[in-house]
Structure formats: structure tokens, C-alpha cells
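Here is a briefing for a first look at this structure. Start with the sequence and the model below, then read on by topic.

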Amino acid sequence: IPFNAFPRKNAEARQREALSPAEMNRVLAAARKEVDAAWATFNEGQALLARVDRAAIAATSDLRQLDLDDLGILLAVIEDRFGGVPPKVNDMLKKGAGLWPLHFAFLRHGGIGAVAPRLFALPDTIVAYMIAIGAQTYANAEALRLMRRDCMSEHLLLEGRVLVSWHKARAGREQRRSFLRDKSFSVPSLIDQVLALTRRLVPHAPPASRNLLFLTDPVRASRTVAPIPGYLAAKLTRRFVDRHG
């Protein structure tokens, strides 16, 4: 059978239109706005953790003796007792667990979803980074979603450049492009930020997923830590479009 037995079978199909440069600039501007906000919130959390006495907090076993209205202390409890990921609501309210002060502290701070971004990226944040990285690498959606944590390597010949690689299933081989580390919104800088934003989630993910870049915790329902599912990435991309018009 010839490799391409029916070469013009899709000749009448309408080709998908590419975004114009002006449209792409608007997409990247919207993504940058969300990326900058998420990164600022995360760094605020790291600053709060740095100013509290972590050893004294860890030595206090009774949560009622801690000022959990202090966000830095609350973050330290999550970091040192739960590996940087808030426990489930049912676990906090379980009889005899002694975690009910933690639950009510979350409520006073606006809920787990308001506290968690200071420790790791939520799904909406992950999608903003995926849009920004995908627009500059031209990786297709599924290859982008399954990008690995070790996707960057220093360029052997060109100083100041890195190689970013991903696996393209349809091509059956690895794709790669080189980028300069010359600005805060460059692909290498964005990947560095995602690595930091997902670092705490790695030990909580299934072993087979710990090498993937875009890990997330939806902080609701089952609280499963995993690479962002394709259906959720698509849903949140539509939500991103609606937010920014």
C-alpha cells in the first residue's frame, strides 16, 4: 500500500486559521498579566515563610497555641507538617485529629484556594504558563501538557542559550528549540518559574508523574496531585479567553 494512497483527500478541507501577530501579542500580554500576578503571590508566600520562626512553630504540637491568623505561621504549619500541601477538609475535621483550628484558619484567610497559591500553582495559573510557553515553542497541546521537568539543558555551543525539548508523539521523536535567557518572560525563565511553583507537589504526585512539569492540585474534591488533565486545560483555556476578552 502506498504511503500516501489518497494525496488530495483533504484538499477541500478548510485550513485552521493562525492568529495574526496582533492577536498573538494580545494573548501573550494577557498571559503575562496572569503569570506576573501568580509569581508575585508565590514570592509573597516565600517571604512570609522566611520571616517566621519555623523551629518554634514546628515544636508547638497544639495548633491552638499558634497564631494562625498570621499567614506566615499558617504557611509554616502547612509546609513543615503536611509537605507544603494543605490537608483535605475531611481530614481536618476528623474527630480526634486535632486539626480543626487549621480548618477555621483557612476560612478566615479566604479558604484553601486563597492560601494555596502562596505555596504552589493552581490550575488556572498552570494554564497561563502553558499558553505563554506554548505560544513561544509552538509545541502542540498534548506534547506541551506532558513536558518533562528536565526539558531544559544548556546549549553546548552558544553561551547564554538553553535547549527546550518535548516529545511529539505524531512525529515519534523529540522536538527542540533554543532560547536566550535574556528576559523575564522568555521560555527558560517561565519554565524555571513553573519548576518552583510545582516543586512542593512532586512528592505528592504518583511516581509515574513526578517527572512531569505541569503538576497541579485543584484544592477541591479528591485533591489529586497530577499533571493537569487535558479536559481541564481546555476548559481553563476557554475561561482564560473569556476573562481577557
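Gln193 sits in helix α9; helices (H or I, at least four residues) and strands (E, at least two) are DSSP runs, numbered from the N terminus. This is a predicted model, in which local features need pLDDT of at least 70, side-chain atom pairs count only at pLDDT 80 or more, and totals for chains, interfaces and linings use all residues. Residues are numbered from 1 along each chain as its sequence is written, and side-chain values use heavy atoms, with hydrogens and water left out.

- Gln193 counts as buried, because its relative accessibility is 11%. Buried means under 20% relative accessible area, exposed over 50%, and partly exposed in between (1.4 Å probe, protein chains only).
- Not counting residues up to four places away in sequence, Gln193 touches Val35, Trp39, Tyr129 and Ser184. Contact means heavy atoms within 4.5 Å.
- Gln193 and Leu75 are 118 residues apart along the chain, and their C-alpha atoms are separated by 20 Å.
- Helix α9 is mostly covered, with nine of its 12 residues buried.
- Those buried residues are Val187, Pro188, Ser189, Leu190, Ile191, Gln193, Val194, Leu197 and Thr198.
- Their cover includes α1, α7, β1 (152–154), β2, β3 (173–180) and β4 (215–216).
- The 12 residues of α9 should span 16 Å at 1.5 Å a residue, and its end C-alpha atoms are 16 Å apart, which agrees. The expected span of a helix is 1.5 Å times one less than its number of residues.

**Nonpolar cores**

- The largest nonpolar core has 38 residues; Ile133, Met147, Val164, Ile191, Phe214 and Ile228 touch the most other members. Such a core is a set of buried Ala, Val, Leu, Ile, Met, Phe, Trp, Tyr and Cys residues joined through side-chain atoms within 4.5 Å.
- At least two residues of this core come from each of α1 (21–51), α7 (123–137), α8 (141–145), β2 (161–168), α9 (187–198) and α10 (230–244).
- Helix α7 gives the most to this core, nine residues.
- Which residues does Phe214 contact, leaving aside its neighbours within four places in sequence? They are Ile126, Tyr129, Met130, Ile133, Leu144, Arg145, Met147, Val194, Ala226, Pro227 and Ile228.
- A second, separate core has 32 residues, including Leu68, Leu75, Ala105 and Val225.

**Pockets**

- The largest pocket holds about 910 Å³ of space. On a 1 Å grid over the protein atoms alone, a pocket is an open set of points where a 1.4 Å probe fits, with protein on both sides within 12 Å along at least five of seven lines; lining residues have an atom within 4 Å of a point. Grid points are joined across faces, edges and corners, and a volume is the space filled by probe spheres set on the points.
- Its lining has 25 residues, and the closest to the pocket centre are Gly134, Ala135, Ala139, Asn140 and Ala141.
- The elements giving two or more residues to this lining are α1, α7, α8 and α10. Helix α10 gives the most, six residues.
- By class, the lining of the largest pocket has 16 nonpolar, four polar and five charged residues. Ala, Val, Leu, Ile, Met, Phe, Trp, Tyr, Cys and Pro count as nonpolar, Asp, Glu, Lys and Arg as charged, and the others, Gly among them, as polar.
- The second largest pocket has a volume of about 360 Å³. Of its 20 lining residues, Pro123, Thr216, Pro218, Arg220 and Leu232 are the closest to its centre.
- Helix α10 supplies the largest share of the lining of the second largest pocket, five residues. This lining divides into 12 nonpolar, three polar and five charged residues.

**Other places to look**

- Tyr138 lies in the loop between α7 and α8. Tyr138 has a positive phi of about 65° although it is not a glycine.
- Tyr138 is exposed, with a relative accessible area of 64%.
- Ser165 is in strand β2. At 14% relative accessible area, Ser165 is buried.
- Ser165 touches Met147, Cys151, Glu174, Gln175 and Arg176, not counting residues up to four places away in sequence.
- In helix α5 (residues 100–108), the buried residues are Pro101, Leu102, His103, Ala105 and Phe106. Their cover includes α3 (71–82), α4 (89–92) and α6 (112–115).
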